Amino acid sequence: MSDLDRLFYWHGIAPDFINYKGEHIQVSLENRKNLLSTMGVDVTSDALVSRAAYELDVAPWESWVPPLSITPAGSGAGLGINCHPAIVDKELKWVLTEEASGELVAEGLFKPITGEEVGDYIYGETRYTRRVLPLPDLPPNYYSLQLELKDRIEATVIAMFPERGMMPDWLQDQAGYHGIIIQLYTLRSATNWGIGDFNDLKQLIRFCADQGVDTIGLNPLHALLPEIEAHCSPYSPSDRRHINPLYISLQDVPEFAQIMAAMSDAEKAKLQASIEELRERPLVDYAAVRALKLDMLERMFMTFDAARGSENASRRQEYEQFVALHGAVLERFALFEVMKADACTFEQIVEVMDSAPNSALLGEALQQYAIKIRSIYYQQWLAHVQFSACQALAEQLQMPIGIIRDLAVGADRGGAEVLSNQHLFCAKAAAGAPPDTFSAIGQNWGLPPMDPAGLRKSGFAHFRELLRSNMASCGALRIDHAMGLMRLWWCPPGKTADYGAYVYYPFEELIALLKLESHLNNCVVIGEDLGIVPHNFRETMSAAGVVSNKVFYFERTGPTSFKPPSHYDSFALAMINNHDVPTLASWWNGQDILLRRDLDTLGEGANLDALLDERRQEKEDLFTQLNRDGFLPNSWHDKSVHETADQDLIFSIMKWMAQVNSKLYVIQLEDLMLMTDPVNVPGTYQEYPNWQRKLKLSVEDLEKNTAVTDLLKSISNTRKNKGN
């Protein structure tokens, strides 16, 4: 294997792939080298290529252990130790502690020559050997191992992972479970400030629990860029480890009441008028909502920070504990936020965010913005407290699952997450998709991907942070585009997506960590596996305890015929639709096709009449299945598929799908309201107001709608009797 091939291997750059037609496509050498350059590898000379290959291929053998070692938990666990011939017969001292507490677990002496050999590497005249250090029978967790020989000391974190991820009772019994999925910001209520908030979510949880609903699935709650008006997609956030503070319900915070008490009647009236105006708008006005809520949050922080009395002592202690727990990750995020607000240049922000923890530059910035940084801490603390209270309420009301969170596939290249991890993200590249029937040049999502080699070198620290922060306060976590755990399509800079290639990730290690974090956080994992799925991906995920995702529109037995609900996979989350496809009423009426025509997103060479005829055939198949299974409403027995959808039809389709064999079944709130406007139209940016459209009905209206409550109770009864 040449040095260049070694680099391709360690950076995961594939030489070929199978396209959407089933054809075997070779990726040109030029395109693969271009991706290496994008990853920061200098390929301009043989000497530089050789040095880079050495760092990835040989240098790891010169260390006894990597930054993170991964091994199965339980009996027979062991850790491979890389040994130079000079130490094979030497006696190494080892000490094993529990990572979080530092508590001693075990210690001993290990002579490598006595251990099983599980690998070797020959470099020049030196043969390195990997020998297994037997470990105690321990439960799944993170442990710290220190190895010592004379004056040399090395350490590693050991991730002892379980056989499967979290498998609660509800995922293993015979009953079926159901829920609703929402974009939180779309919620309307009599109390919010023009955007759905955590108080609205609590109100919705109470309503759903009364109807026997088991779970509520949310959009990603990630923190968005400060320039939120142009960057409001929850799937293109600033930082996936933090929560969007606009979801905070201000009136539920003690400091808000104190500020209101000090306001004049005129000030209160002006504030209330602004809130009511934002509340009535059909679209979320992100810029106006952000300006209003963040101004109030800053005032609330100053009130909180100034309070030193005993009545505030417990809350201040909770705040300080939160700040200490989130440490440097929260610090860098807050610094990014205040520097953006202070109109610092992109170059200034990059320089500070990339500086060493103890650098003078970082220290000066932290001191300069100290008060504003603490204000960001306060916002994040409030957001976490209020969101945790939502899951606690769901548990109190005996919802078996409670909240399902959503983890986006990436973050914006100009956001806090990428800029504080510049060693890991390749900001010049972008994740996307290869060419398909809808796009001859593929798709570029604009999200910078992580370098597989960088993941290993960093001990997967960022991946662990992402899982831990997003598995908090929920019953399950949905991972968007879960195939990215195995491979991502990389688009090189200055080129269209068809000049890219698949980059493979350390799948086994990532799945092991996913199982461990699922176990430690008591959180079920749902992998969104729609689209082109790699060979054996679903089988591997299922074996790991990761629930699959099935969408009615895509589950087919033929080009225009749908799979019956009874034929769906059991270990899956089934849904009729999601945020990227049309609502049920829009789909039936063909409005989504007409909208795509108007927005010029039908695809090159698409024929409108052919698309509408194909939709007619799909509806006829669904109509036939509804009639066959006894779910066609009486009011539709004399109608045809050419009729406009009404509540009878839409609700009957949702009841029919409630028979689905899958463990979980969820429906969108939009479908309960017969809405037709989509929340997002893929392939558009400013052509359509993506991620802004609110729901037609408020939470209060929903509670009074007997047709909706009857439907939810009917679905609950069907799901609870599944398997009986």
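This is a predicted model: local features need pLDDT of at least 70, side-chain atom pairs count only at pLDDT 80 or more; totals for chains, interfaces and linings use all residues.
Axes are lines fitted to C-alpha atoms, and angles run from 0 to 180 degrees between N-to-C directions. Strand β8 (residues 126-134) and β4 are paired in the antiparallel sense over six bridges, and Cys 83 lies opposite Thr 129 in β8. Pairing requires at least two bridges found by DSSP between two strands; strands (E, at least two residues) and helices (H or I, at least four) are DSSP runs numbered from the N terminus.

A further open sheet has four strands in the order β17-β16-β19-β20, also paired antiparallel. Here β17 (443-447) and β20 (501-504) stand at the edges with a single partner strand each, so one side of each is without a neighbour in the sheet. Direction ignored, neighbouring strands of this sheet are turned by 50 degrees against each other on average. Three bridges join β17 to strand β16 (residues 430-433) in the antiparallel sense, and Gly 432 stands opposite Asn 444 in β17.

Helix α15 (residues 461-470) is mostly covered, with seven of its 10 residues buried (under 20% relative accessible area, 1.4 Å probe, protein chains only). Among the buried residues are Phe 463, Arg 464, Leu 466 and Leu 467.

Residues are numbered from 1 along each chain as its sequence is written. Local features need pLDDT of at least 70, side-chain atom pairs count only at pLDDT 80 or more, and totals for chains, interfaces and linings use all residues, while side-chain values use heavy atoms, without hydrogens and water.

How values were computed: Buried means under 20% relative accessible area, exposed over 50%, partly exposed in between (1.4 Å probe, protein chains only).
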